[in-house]
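User: Could you take a close look at one part of this model for me? I'd like a walk through its surroundings, and then through the charged and aromatic pairs elsewhere.

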Amino acid sequence: MTEIYRGLNRSERAEAMDLLASHKLPTADLPLSLDDFFYVKDGDQLVALIGLEKYNGHGLLRSMVVHPAYRNKNIASLLVQKIEETAIQENLKSVFLLTETASVYFEKKGYVKVDREKVPVEIKSSSEFGNVCPVTAAVLMKKLEVHDV
């Protein structure tokens, strides 16, 4: 079974940045603290990563990457599921993401394309939305079922 860990320390952060950069994903705006990033390791090697940024009741999924040697092993699905479970536990209403390459993958996971104008201002104010991802990137969203306890 694939074990998913939460939060990266300083040396793991450097390894995460290398993994992201090797797949042409943005790293310049990564926060110093990656407490809301989830990852999978094989021994000492970081093989997969995904992050969740929180903005006033909404989440922004970012930086999903799986090392090529570990693809098609359900790791990405498990990471997306973990992000969604965490978002629900933290009472987020929806999760947004921007992508240039993975729209079809996320649509299969229940995400739908949305117009940029319909994105909450809190998400629009994120560095990923405002500065890092090009305006040509697709915006997708998934509404979450938050359960009152």
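Predicted model: local features only at pLDDT ≥ 70, side-chain atom pairs only at ≥ 80, totals over all residues.

Analyst: Let's start with Ser-94. Leaving aside residues up to four places away in sequence, Ser-94 touches Gly-57, His-58 and Gly-59, plus a run made of Met-141, Lys-142, Lys-143 and Leu-144. One of those neighbours gets a polar contact too: the side chains of Ser-94 and His-58 are joined at 2.7 Å. As for where it sits, Ser-94 belongs to strand 5, which covers residues 94-99. Is Ser-94 buried or exposed? Its relative accessibility is 5%, and the cut-off for buried is under 20%, so Ser-94 counts as buried.

Now for the charged pairs. Side chains of opposite charge can pair when their charged atoms come close, and the structure holds eight salt bridges. Take Arg-6 and Asp-36, whose closest N and O atoms are 2.4 Å apart. Arg-6 is in strand 1 (residues 5-8) and Asp-36 in strand 2 (residues 34-42), so this bridge ties together parts 30 residues apart in sequence. Arg-6 itself is partly exposed, at 41% relative accessible area.

Asp-36 has another partner: it meets the side chain of Lys-54 in a salt bridge of 3.0 Å, N to O. Because Lys-54 lies in strand 3 (residues 45-55) and Asp-36 in strand 2, that pair connects parts 18 residues apart in sequence. Lys-54 is partly exposed as well, with 36% relative accessibility.

Last, the rings. A search of the whole structure turns up three aromatic pairs. One of them is Tyr-105 with Phe-106, an edge-to-face arrangement with 5.2 Å centre to centre and 90 degrees between the planes. As for accessibility, Tyr-105 is partly exposed at 27% relative accessible area, whereas Phe-106 is buried at 3%.

Definitions and conventions:
Residues numbered from 1 in each chain as written. Heavy atoms only, no water. Helix = DSSP H or I, 4+ residues; strand = E, 2+ residues; numbered from the N terminus. Buried < 20%, exposed > 50% of the residue type's maximum accessible area, 1.4 Å probe, protein only. Polar contact = N/O pair within 3.5 Å; in protein donor to acceptor, adjacent residues only side chain to side chain. Contact = heavy atoms within 4.5 Å. Salt bridge = Lys/Arg side-chain N within 4 Å of Asp/Glu carboxyl O. Phe/Tyr/Trp six-rings, centres within 6.5 Å; stacked < 30°, edge-to-face > 60°.
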